Amino acid sequence: MNLALWLERAARLNPQAPALMRGTQLIADYDTFLTRVLRLATVLCDDMGIEAGDHVAIFLPNTTEYLEILNAIWAVGAAAVPINAKLHPREAAWIVEHARSRLVFATGHAREALMALPEMSDRQVIDPFAAELDAACHNASLARIEPRQPSDTAWVFYTSGTTGRPKGVMLTHGNLMAMAQSYFIDIDMVEPGDCTLYAAPMSHGAGLYSLPFTLRGARHVVPVSGGFDAEEIAGLAPHLGNVCLFGAPTMVRRMVARSRESGYDGAGIKTVIYGGGPMYVADIMEAVERLGPRFVQVYGQGESPMTITALSRAQVCDRTHPRWRERLASVGVAQSCVEVIVADDDGTALPSGRAGEILVRGPTVMKGYLGNEEATARTIKDGWLRTGDIGAMDAEGFVTLQDRAKDVIVSGGSNIYPREVEEVLLTHSDVAQVSVVGHPDPEWGESVVAFVVPETGSVVSTEALDAWCLSQIARFKRPKRYVFVPDLPKNAYGKVLKTSLRDHLNGCQADVEPM
Ligand code: AMP
């Protein structure tokens with residue numbers, strides 16, 4: 001079944017129901033939403049040559065058109081390749097090429113920068129706001145939604161691997177249907193009067209969560225700012241009512257800070273789903289006290305999107321169970337459609353309480369990595385997805401994450417892969433060695449710190465390295481701090497001891513001596 005059928009069904013049932021909004025302004029009801037999608041699908045097919053099975057990239061900030069494009073891509077039977085709008089155009093171009101997308105939607109400076117790159121010369125870069133596209137859609141007939149199998153790819157989710165190069169996670173129509181159905185069971189029931197507010201990037205979790213809201217004919221609201229602004233949300237929520245939003249722990253912390261200043265009590269918000277990075281117990285407790293019983297935690301990863309475990313609203317609010325505090329520090333229990341175990345290196349389940357790698361099996365687990373069978377075989381063994389996350393499960397099934405085996409830094413809700421930043425810094429002629437780690441940060445969750453060994457006889461400044469990073473990677477990935485050292489601590493095999501670097505930052509005794 002094609003995911004776009006959910007939109008068609010909602011539009012038939014309630015054509016006049018509000019569907020797309022920008023802030024408090026209504027942009028389209030469900031009938032208009034569907035009509036625009038089916039016309040765009042015809043243009044994609046007839047004018048742009050897109051066929052079932054093709055990949056179409058979306059390099060756009062949050063906008064209501066994002067949802068039209070996404071559904072139009074599905075309607076023609078193609079797969080969407082959403083790209084984080086915060087990425088550098090060169091990084092986006094790499095993804096477009098890797099995903100073999102012949103067409104990419106982009107706008108403004110990002111579009112110009114993309115078009116200037118040689119690797120984009122044989123690809124179409126379409127501006128969704130261009131008058132020509134509008135005219136073409138105006139005259140187009142309504143497309144028929146292509147039949148799709150559950151195993152057909154719907155979304156290629158680019159997540160960075162430890163090798164520093166992003167991997168394309170192939171998520172199928174079947175994966176995303178199972179994810180959306182789990183939403184109703186494990187996260188929240190959605191009523192037609194509810195709305196989902198896109199405060200986080202649509203290229204990731206917030207966009208994936210558009211599905212349960214389309215299925216139930218609820219409202220999709222893109223804030224005027226296009227992203228997260230605590231003040232805007234506090235102003236918008238009481239007007240909209242029944243607001244649901246997905247956000248990183250950083251966003252929750254900012255909403256709490258806003259509440260401290262203004263006394264905002266969460267009015268108009270139904271549910272805040274937080275995840276993607278660790279949430280500290282004191283922070284979520286204050287969030288519940290100030291904003292009310294509106295929080296649900298989700299733990300997932302691109303390879304099993306939004307669907308590994310969840311900590312329900314009742315569990316987040318519970319202050320009576322003898323172990324409520326441990327539960328609040330956990331990521332909850334396995335979601336309904338997946339099996340979750342903690343296993344040793346051989347994949348054998350460990351007894352409760354023992355730490356090991358978290359493994360997941362079920363209908364939400366990806367088809368594999370696009371064009372990378374080797375990595376797929378390493379990651380999915382005997383049907384079990386190896387998450388790379390280390391944690392333990394208690395006797396009642398609550399999973400507590402202990403470490404991220406992959407050393408990923410989660411800053412402001414975005415994942416930053418140290419290896420990628422290290423590789424950029426290493427290309428600077430004055431840098432001999434480098435190691436990048438995350439450091440706890442009250443505002444961002446974690447911040448990026450680079451330990452740099454300069455080339456012998458060279459002097460390199462923070463400013464020079466910052467400019468170097470800015471020219472090659474997204475702003476949010478560049479280190480917030482540099483520590484210059486004569487050498488890096490290494491083990492007997494010559495591997496850098498990142499733990500010593502983190503210990504040094506935490507003020508502990510460690511064999512790290514800044515220059
Ligand atoms: P991504 O594939 O970009 O969605 O990143 C997924 C990774 O983020 C997971 O493998 C975890 O390491 C981390 N993560 C996701 N959800 C949570 C959570 N609720 N608490 C702590 N870490 C999380």
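Modeller: Strands here are DSSP runs of E, at least two residues, numbered from the N terminus. Keep in mind that this is a predicted model.

Colleague: Which element gives the largest share of the shell around the ligand?

Modeller: Two elements give two or more residues to that shell, β13 (295-301) and β21 (399-404). With 5 residues, the largest share comes from β13.

Colleague: Which residues come nearest to the ligand?

Modeller: The residues around the ligand number 16. A residue counts if one of its heavy atoms lies within 4 Å. Those that come nearest are V298, Q301, G302, D389 and N415.

Colleague: How far is the polar backbone atom of G302 from an oxygen atom of the ligand?

Modeller: A polar side-chain atom of Q297 lies 3.0 Å from a ligand nitrogen. For Q301, a polar side-chain atom lies 2.9 Å from a ligand oxygen. The backbone atom of G302 and its ligand oxygen are separated by 2.8 Å.

Colleague: What percentage of the ligand's exposed area does the protein bury?

Modeller: Start with the ligand taken alone, which exposes 500 Å². Of that area, the protein buries 88%.

Colleague: How many residues of the shell around the ligand are polar?

Modeller: The shell has 5 nonpolar residues and 2 charged ones. Gly counts as polar in this scheme. The polar count is 9.

Colleague: Now the helices. How are α10 and α11 oriented to each other?

Modeller: The axes of α10 (residues 230-240) and α11 (residues 249-262) come within 9 Å. They cross at roughly 70 degrees. Angles of 65 to 115 degrees count as roughly perpendicular. The two helices, α10 and α11, are therefore roughly perpendicular.

Colleague: Which residues of α11 meet α10?

Modeller: The α10 side brings A230, E231 and I233. The residues of this contact divide into 3 nonpolar, no polar and 3 charged. On the α11 side, the partners are R254, M255 and R258.

Colleague: How is α2 oriented to α6?

Modeller: Helix α2 (residues 30-46) packs on helix α6 (residues 131-139) with the axes 8 Å apart. The angle is about 105 degrees. That makes the pair α2 and α6 roughly perpendicular.

Colleague: How many residues in the contact of α2 with α6 are nonpolar?

Modeller: From α2 come R39, L40 and V43. From α6 come L133, A136, C137 and H138. One class has 1 polar residue and another 1 charged residue. The nonpolar count is 5.

Methods:
Residues are numbered from 1 along each chain as its sequence is written. This is a predicted model: local features need pLDDT of at least 70, side-chain atom pairs count only at pLDDT 80 or more; totals for chains, interfaces and linings use all residues. Side-chain values use heavy atoms; hydrogens and water are left out. A polar contact is a pair of N or O atoms within 3.5 Å; within protein, one must be able to donate a hydrogen and the other to accept it, and residues adjacent in sequence count only if both atoms are side-chain atoms. Accessible areas come from the Shrake-Rupley method with a 1.4 Å probe; for residues, only the protein chains shown count as cover. Helices (H or I, at least four residues) and strands (E, at least two) are DSSP runs, numbered from the N terminus. Axes are lines fitted to C-alpha atoms, for helices over the stretch in contact, and angles run from 0 to 180 degrees between N-to-C directions. Angles under 35 degrees count as roughly parallel, over 145 as roughly antiparallel, 65 to 115 as roughly perpendicular and the rest as oblique. Contact means heavy atoms within 4.5 Å.
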